[in-house]
Amino acid sequence: MLELLKRLEEQTQQEDNSLLCDQDESDSDSDDLVSRFAGVNISSASSDELLRLMTKEEIDRFFNALRDPTSQLAQQLLSSEELQSVRREPWWEVSLEGSSSASTRYGPQPALMEVPRNLIKRQASSPSLIYNVCAVLVAYAFATRHLSLSPLSSAENDAQDEAEARRIISRVAPFLVTRQSQVLYLTLGSAITDVWSRFDRGIVGAESLSVLLHDLSVIARPKLVVAASSDNSTLSDHRSVTLLAALSDLSRLFAPQSIGVPSHIQMKLRFYAAQVLSTPQLVLRALANELEDYSRALKAEAGSVMNNPSLQEKKLDDSQPKPASNPDITINGRSLGPSIEDL
């Protein structure tokens, strides 16, 4: 963390002044940064403690870099050896890499939770919750990337990071943590729009949401090939094992302190898993295609703004919707609305 802040200070000095004229001042600022953090255990200090030691200018530059991960400053921070040594790419991307030599960059696939068979049978006649599952997993994908934790429930994770992951998901998908919530999304569009509006303003623009929806399409897409002997008798053999693993990771993240006593959040996630297991694979594959189409449309929208000089003053973050009532969100609906292509 300290090394990242020093890089931030040095980069700003280079942008504002010539290297020759600013060498002494840059060294002085770096020394000042080191002196402020002297005696602080960076690995155990909270984010609030670290922010109190930073100047307002340093805080502004740091968060501006986070908001624009494509900027030169952000790329330099992300390329830090210190950050790379602890950074984990999303576990669901390991199958896309096609190389086992790079597997150490990714976290392991989360262990699967148990789903009672009688719960799966009851789902057949229940209202579809598949768009609710999508809403939860948009928040899940964001927390994974934002915190560089993969999986979120790994025993190696810092307790403060896990608490932040729970905070993010609870804010973006409040119906998951509300005990008696009966929110039901009738369309994919309504689920995405509602979740998008709940992110902190300016954090997730159209391009960032495009990445998250691509993540979700990968997670939701059933496997085309499974073991020859597989009859889906165990969850690890199921074609939707990636989707089940994501829900299992969330269940473990929200596990209560009392071992063996499931929380209402875990019970709800188990219910979602049963919904996935009772949903035809053709429906899940169509959902993955719908998510990928939505992702590409948002990416194209973001690209058109960046490439059009007359629109460059319009920030992509401005496209983030504001929270509002939506006719495609109900608490007692029993039929699915149109797909995103029909909206």
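This is a predicted model: local features need pLDDT of at least 70, side-chain atom pairs count only at pLDDT 80 or more; totals for chains, interfaces and linings use all residues.
1. Basis. Residues are numbered from 1 along each chain as its sequence is written. Local features need pLDDT of at least 70, side-chain atom pairs count only at pLDDT 80 or more, totals for chains, interfaces and linings use all residues, and side-chain values use heavy atoms, without hydrogens and water.

2. Aromatic pairs. The whole structure holds four. Rings of Phe, Tyr and Trp (its six-membered ring) pair if their centres lie within 6.5 Å; planes under 30 degrees apart are stacked, over 60 edge-to-face, the rest tilted.

3. Trp 92 and Tyr 140. This pair is tilted, at 5.9 Å centre to centre and 45° between the planes. Trp 92 sits in the loop between helix H6 (81-86) and helix H7 (94-97), and Tyr 140 in helix H9 (residues 130-147), so the pair ties together parts 48 residues apart in sequence. Helices (H or I, at least four residues) and strands (E, at least two) are DSSP runs, numbered from the N terminus. Trp 92 is buried (under 20% relative accessible area; exposed is over 50%, partly exposed in between; 1.4 Å probe, protein chains only), at 2%. Tyr 140 is buried too, at 0%.

4. Phe 175 and Tyr 185. Their pair is edge-to-face: 5.6 Å centre to centre, 75° between the planes. Both Phe 175 and Tyr 185 are buried.

5. Val 218, Ile 219 and Ala 220 of H13 meet Thr 242, Leu 243 and Ala 246 of H14. Contact means heavy atoms within 4.5 Å.
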